[in-house]
Amino acid sequence: IRGGLSLEWQTFANYAGVESHEVTEVELKQHIEKGHISSFDSMASLQQFVGGPPVLSKLGLILKTRNNVTKARMILDTKASGIKYVTGKSQRVILPRLFDSVLRMLRLMSLVSSAGVDVSAFVLDFSDAFWQIPIAHEELRFFCVTAVINGMRRSMALLRAAQGSRAAPLLWARLAALLMRLTQSLFSTNDVSLMCFVDDPIAALRGTDLDKRASVAMIILVWEALGFKLAYHKGQLSKVVTWIGGTLTCEDNGVRTKVKDAIVNDVRTDMKRIRAQHVISDKELHSLVGKLRHCAGLLIVLRPFLQPLWAALYTDARSGAPLHSVRTNQVAPTLARIHVTFDGAIGGIERYFSVDSYLRRGPIVEIGTDASPWGMGGWLSIDGTITHHFTCPVS
């Protein structure tokens, strides 16, 4: 190790099973064909190309199982090489949620005042998002890998920022944010409202069908002119679109939203398994909370119940649980309450947001309650007039 970086080429090995997995070679070949990776038949050739001793990082596989179907994705793991620990990251990106897109749509709906004008949504993902950012030539030697391709060991330099390198998400987020701002500047915010979740942009559009198609054409032309790769097979221009795990439907007087069934089924499966265990691993609980947080973007009443789960993950008092785990009884009441929600007792993960509510139109409803050592009571007021009330003694 020199300067905190591993230069042990002779003893280097990827994680067990990575090179033999069918995904690894296929993905490497695709990136070589796209010009994202340069491949060489020897370490000496690689060293000459990058202009110094290459630092090899391990290839890793992320396995995700959803509805009993497992998918594998190759990533770059820069921990063992030391690259992760000498890479700085000074900012944190706050990403939009489903509810943010709902607010954008409701705002445009509130501006609709003539026949033939309505609101739709446009979704067009970027493809190979992180891979669209080139790595400076003087940094190429810090992003090198090796693997067997077509039966021969190849030494490779990554020419683009790969998923797994520490700075790649922040680099892409800053680039995507700049692109959204530049594109938004071409339109009135009363007609087009853009936002982007990592590599999944969405635009709320107001106007006639011709107006909306013209706006979409301009957005695509700008992104193409700037050299961004777009996943046209995932493109959507409609009143009903799917975006970041949810379905958004633009209706006449509001927006109907629904969390994707696959995510809800995932949560139900996880809850059933976790509640039957005496101990929950941090990894399991963190995965569950991530899915619940996504659902809480629509089910606002779910948000307070996430706090005990986060607290259990990050508290030093683990109630005698083994390392990197939480005892199930520590979060059992919270899990029971969440289970009721996802078991269908509150009608499923769907909400309707009306323009009237967004504009605060309609009756003003107030509820007041109070209690003392001797009794308690409450009242219901509509538009300033108390319509119902109750009192009862404390037995």
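Begin with helices H7 and H8: H7 passes H8 in a left-handed crossing. The model you have open is a predicted one.

**Stop 1: H7 and H8**

Select residues 282-296 for H7 and residues 307-314 for H8. Their axes come within 10 Å and cross at roughly 155°. Angles over 145 degrees count as roughly antiparallel, so H7 is roughly antiparallel to H8.

Now show the side chains at the contact. On H7, pick Asp282, Leu285, His286, Val289, Leu292 and Arg293. On H8, pick Leu309, Trp310, Ala312, Leu313 and Tyr314. Colour them by class: eight are nonpolar, one is polar and two are charged.

**Stop 2: Leucine 292**

Stay on H7 and centre on Leu292, which belongs to the contact with H8. What does leucine 292 touch, not counting residues up to four places away in sequence? Select Val267, Leu302, Leu306, Leu309, Ile338 and Phe342. Leu309 is also one of the H8 residues in the contact with H7.

**Stop 3: The nonpolar cores**

Which residues have the most contacts inside the largest nonpolar core? They are Trp243, Leu285, Leu292 and Phe342. This core has 47 residues. Leu285 and Leu292 were both picked on H7 at the first stop.

Next, move to a second, separate core. It has 27 residues. Select Ile37, Phe40, Val55 and Ala147, which are among them.

**Stop 4: H4 and H5**

Select residues 168-184 for H4 and residues 209-225 for H5. The axes come within 11 Å and cross at roughly 135°. That angle makes H4 oblique to H5. H4 passes H5 in a right-handed crossing.

Show the contact residues. H4 supplies Leu179, Met180 and Thr183. H5 supplies Ile219, Val222 and Trp223. By class, five are nonpolar, one is polar and none is charged.

**Stop 5: Threonine 78**

Finish in a loop. Threonine 78 lies between strand S3 (69-77) and helix H3 (98-109). Is threonine 78 buried or exposed? Its relative accessible area is 3%. Buried means under 20%, so threonine 78 is buried.

What surrounds it? Leave aside the neighbours within four places in sequence, and threonine 78 is in contact with Ser57, Ile83, Lys84, Gly164, Ser165 and Arg166.

Note on methods: Residues are numbered from 1 along each chain as its sequence is written. This is a predicted model: local features need pLDDT of at least 70, side-chain atom pairs count only at pLDDT 80 or more; totals for chains, interfaces and linings use all residues. Side-chain values use heavy atoms; hydrogens and water are left out. A nonpolar core is a set of buried Ala, Val, Leu, Ile, Met, Phe, Trp, Tyr and Cys residues joined through side-chain atoms within 4.5 Å. Buried means under 20% relative accessible area, exposed over 50%, partly exposed in between (1.4 Å probe, protein chains only). Contact means heavy atoms within 4.5 Å. Axes are lines fitted to C-alpha atoms, for helices over the stretch in contact, and angles run from 0 to 180 degrees between N-to-C directions. Helices (H or I, at least four residues) and strands (E, at least two) are DSSP runs, numbered from the N terminus. Angles under 35 degrees count as roughly parallel, over 145 as roughly antiparallel, 65 to 115 as roughly perpendicular and the rest as oblique. A crossing is left-handed if the near helix is turned anticlockwise from the far one by less than a right angle, and right-handed if clockwise. Ala, Val, Leu, Ile, Met, Phe, Trp, Tyr, Cys and Pro count as nonpolar, Asp, Glu, Lys and Arg as charged, and the others, Gly among them, as polar.
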